[in-house]
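This briefing goes with the sequence and structure shown below.

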Amino acid sequence: MASMDIDLSPKSAQKLFEGEGGSYYSWSSSGFPMLGEQKVGAGKLVLPPRGFALPHYADSSKIGYVLQGSDGIVGMVLPKLVRGGETSKSFIPGEFTYFFLSGGQGIMGGFSSEFISRAYKMNGKEASKLAKSQTGILLIKLEPGVSMPQPNSKTTEKMVYNINAAPADVEVNGGGVFKTLTAAKFPFLEEAGLSVNHVRLEANAMHSPSYTADGTFQAFYVTSGAGRVQVVGIGGKRALDTKIQAGQLLVVPRFFVVAQIADSEGMEFVSILPTTSPVVQEFASKKSVWNALSPIVSQVALSVTPEFEEFFKSNMQKTTTLIPPTNSRVCVFGRSCCNK
């Protein structure tokens, strides 16, 4: 369990590399202690037209979310018996470490010509050409006319999911849209050991208080807009109360309760959980833990009258995890009913 003195404030990524072929940003565990504490990493890749990331592998599984752009091509080679989500075994907990096959920081160039020539059955000159010809680092720009293979449709269906086009789990007029993506919908997540939530809040709408009841953390990345976030932890103490905006990452410790309210421009974010079957408990909706308690237990626990307890619970019956501003007419679609 994270201690209360850990800095939970949202952070923006720091630029690690920039070149003609693109740029890479990362959140460092040294500057963002919660990453190391929860053993989660995060990074952002920006590729211009013809930008090319040199072949590489990483020390942990990842989910990629496309913020903007199209017509990009991703190629992957999968080893047998993949166990995804093992971020606790990464080289540096809380960070991704990449191992490049080629280039100025590539594995090929790290071996001597003698070892390369023996491994690939070449002479010394050929071995040097193989290992040293590519001098670029991380990201390069392809020359005009170079054409990459087109993706295989069957592989794309297995490894790519268009969450923007997916039906909503909850949609509330004036509140927003909530979508959840687990291995049940996208089987490849089973191998990664991860699941995803996608939330779009309308202006001044709220994502009601919730927490993970299965002992997993949540990592939130704001893709657009801005808003305010509060986190309550051990002893009922408010561990965080701050503004959050596009490009910032927030990590919420396991069992801590989090809620967000969008600004007047609205807010959109994705959250990643290190489990294929997340158990998220809500506090202020019809699925609230309060509704599971008998009226007398709630009355005593809150020290309120029976009338107020009834009023309190009846209000929750009208809401989902997305709560529109108080002056909005509420209509819930998808898996929920319409409240008139």
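**Briefing on the predicted model**

In this predicted model, strands S13 and S15 run antiparallel and are joined by four bridges. The chain as a whole averages a pLDDT of 87, and 90% of the residues score at least 70. In the UniProt record, an unreviewed entry, the feature "domain: Cupin type-1" is placed at residues 6-128 and 161-310. Over residues 161-310 the chain is 47% strand and 12% helix, with the end C-alpha atoms 43 Å apart.

- Burial extends over S15, where five of its five residues are buried.
- Both faces of this strand are covered, with Gln248, Leu250 and Val252 buried on one side and Leu249 and Val251 buried on the other.

**Nonpolar cores**

- The largest nonpolar core has 36 residues, and those with the most contacts inside it are Trp27, Leu201, Val231 and Val251.
- At least two residues of this core come from each of helix H1 (33-38) and strands S9 (170-172), S11 (195-201), S13 (218-232), S14 (238-245), S15 (248-252) and S16 (257-273).
- Among these contributors, S13 gives the most to the core, with six residues.
- Once its neighbours within four places in sequence are left aside, Val251 is in contact with Leu8, Phe32, Met34, Leu35, Gln38, Val40, Phe217, Gln218 and Ala219.
- Another core, of eight residues, lies apart from the largest one and includes Ile163, Ala183, Phe186 and Phe188.

**Aromatic pairs**

- The count of aromatic pairs comes to eleven.
- One of them is edge-to-face, because the rings of Phe220 and Phe269 have their centres 5.6 Å apart and their planes at 70 degrees, and planes over 60 degrees apart count as edge-to-face.
- Since Phe220 lies in strand S13 and Phe269 in strand S16, this pair ties together parts that are 49 residues apart in sequence.
- Both members of the pair, Phe220 and Phe269, are buried.
- Elsewhere, one aromatic cluster is formed by Tyr24, Phe96 and Tyr98.

- Most residues other than glycine have a negative phi.
- Leu138, which is not a glycine, has a positive phi near 65 degrees, and Leu138 lies in the loop between helix H4 (124-132) and strand S8 (139-141).
- With a relative accessible area of 19%, Leu138 counts as buried, because the cut-off for burial is under 20%.
- Asn204 also has a positive phi, near 65 degrees, and is placed in the loop between S11 and strand S12 (206-212).
- Asn204 is partly exposed, with a relative accessible area of 42%.

**Regions to read with caution**

- Over residues 82-86 pLDDT stays under 50, and the model has eleven contacts beyond four places in sequence for these residues.
- Over residues 330-340 pLDDT also stays under 50, and here the model has 28 contacts beyond four places in sequence.
- Where pLDDT is low, the predicted coordinates should not be read in detail.

Technical notes
Residues are numbered from 1 along each chain as its sequence is written. This is a predicted model: local features need pLDDT of at least 70, side-chain atom pairs count only at pLDDT 80 or more; totals for chains, interfaces and linings use all residues. Side-chain values use heavy atoms; hydrogens and water are left out. A nonpolar core is a set of buried Ala, Val, Leu, Ile, Met, Phe, Trp, Tyr and Cys residues joined through side-chain atoms within 4.5 Å. Buried means under 20% relative accessible area, exposed over 50%, partly exposed in between (1.4 Å probe, protein chains only). Contact means heavy atoms within 4.5 Å. pLDDT is the predictor's confidence in each residue, from 0 to 100. Two strands pair if DSSP finds at least two bridges between them. UniProt positions are given in the numbering used here, feature names are shortened, and annotations may be inferred rather than shown by experiment. Rings of Phe, Tyr and Trp (its six-membered ring) pair if their centres lie within 6.5 Å; planes under 30 degrees apart count as stacked, over 60 as edge-to-face and the rest as tilted.
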